[in-house]
Amino acid sequence: MADAPSPTDAGSPPFAPRHWPAWSAVVVMWLAARLPWRLQRWLGSGIGALAMRLSADRREAARTNLRLCFPEMDERAREALLRDSFRDLGIGLFEFARAWWGSVAPMRRTVRIEGVEAIEAIRAQGRGVLLVSGHFMTLEICGRLMCDRLPLAGMYRRHRGPVMEWAVKRGRLRYATAMFANAELRPAMRHLKQGGMLWYAPDQDMRGKETVFAPFFGVPAATITATHQFARLTGCAVVPFHHRREGADYVLRLGAPLEDFPSADPTLDSTRVNGAIEAMVREAPSQYLWIHRRFKRRPEGVAPPYR
């Protein structure tokens, strides 16, 4: 039986025979993480194109999201963006695997990181920092690159399978100072109160959590209020974290802390956070995770947009 995990320890790997099929999948991903970066990009583009053809549900979800978020685009432009997003989705699979289990030496040679000095000044005051970003396909690789400069902890959603849960958490703890599951709010808040840094992506519809409807690209979206709560209860600074791939290079930028945050209104604060993430998406629209059904929960009386 696996040991009980902690935010800084993945515990013992589950080696029971019933887990062996899952281990075979992890081995394949581990090997894929070691392919040359140029080959990974080529394979990823092909896998993404194939996924677009085979996964009708996710393709239609992404197409609906793009129609809602970019109504000013004509259909041809949105279809081109849809194809690019699946291509980047495929490349992102290799980026995730490389971040967890491979080498990021090729990325370190060309990465550009901006805004670190301002964050170090905040930390020198003993204040915690909450980095807010969205679910981009560059999320893991850029998180690992940022950990070269800053001691980052992260929040994540647990995997259902114990093998993948152990393998991914073990991989992340190679570079992150801690990994808090989304139910481990008290330890995460304690980390921030002690002056730590925490990376969080609050841009998905998470059922069962405290949410409000706040605009995202002008569309009401069920938005978790955790960013407001973290800032209210810990006094941390909330900093937008922009990251994107430019060709084979990466650009990481830490924005200015949100001013007068938090307010007394969680809906207002959630609107500001959604606006910050929207600005990130507009910088690299094809690298955002459009296949997530972001607008599946609607205000009362409004029909869901997905089939």
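The points below go through the strands, the pocket, the salt bridges and a surface patch.

1. First, the ground rules. This is a predicted model, in which local features need pLDDT of at least 70 and side-chain atom pairs count only at pLDDT 80 or more, while totals for chains, interfaces and linings use all residues. Residues are numbered from 1 along each chain as its sequence is written, and side-chain values use heavy atoms, with hydrogens and water left out.

2. Let me start with strand β8 (residues 237-246), where 9 of the 10 residues are buried. Buried means under 20% relative accessible area, exposed over 50%, and partly exposed in between (1.4 Å probe, protein chains only). Helices (H or I, at least four residues) and strands (E, at least two) are DSSP runs, numbered from the N terminus. Two strands pair if DSSP finds at least two bridges between them. Strand β2 (residues 129-132) runs parallel to β8 and is joined to it by 4 bridges, with valine 129 partnering alanine 237.

3. On to the partner strand β9 (residues 249-254), which runs antiparallel to β8 over 6 bridges. Histidine 243 stands opposite leucine 252 in β9. The hairpin of β8 and β9 has 2 residues between the strands, and glycine 247 takes a positive phi near 65° there.

4. Because 5 of its 5 residues are buried, β3 is largely enclosed by the rest of the structure. Leu152, Gly154 and Tyr156 are buried on one side, and Ala153 and Met155 on the other. β3 runs parallel to β5 through 3 bridges, where glycine 154 stands opposite tryptophan 199. Strand β4 (residues 179-181) also pairs with β3 in the parallel sense, over 3 bridges; methionine 155 has phenylalanine 180 as its bridge partner.

5. What is the volume of the largest pocket? About 1,400 Å³ of space lies in it. Of the 45 residues that line this pocket, Phe96, His135, His159, Arg172 and Leu289 are the closest to its centre. On a 1 Å grid over the protein atoms alone, a pocket is an open set of points where a 1.4 Å probe fits, with protein on both sides within 12 Å along at least five of seven lines; lining residues have an atom within 4 Å of a point. Grid points are joined across faces, edges and corners, and the volume is the space filled by probe spheres set on the points. Helix α4 gives the most to the lining, with 7 residues.

6. Now the charged pairs. With a salt bridge taken as a side-chain nitrogen of Lys or Arg within 4 Å of a carboxyl oxygen of Asp or Glu, the count comes to 16. Glutamate 283 and arginine 253 meet at 2.8 Å, N to O. Glutamate 283 lies in helix α11 (residues 266-283) and arginine 253 in β9, so this pair ties together parts 30 residues apart in sequence. Salt bridges that share partners also join Arg59, Glu60, Arg63 and Glu79 into one network. Within it, the closest N and O atoms of arginine 59 and glutamate 60 are 3.6 Å apart, and arginine 59 counts as buried at 19% relative accessibility.

7. Last, the surface. Val27, Trp30 and Leu31 make a nonpolar patch of about 280 Å². Patches are made of residues with over 30% relative accessible area and no salt bridge, with like charges joined within 9 Å and nonpolar side chains (Val, Leu, Ile, Met, Phe, Trp, Tyr) within 5 Å. Accessible areas come from the Shrake-Rupley method with a 1.4 Å probe, and for residues only the protein chains shown count as cover. Leucine 31 sits in helix α1 (residues 20-32) and counts as partly exposed, at 47% relative accessibility.
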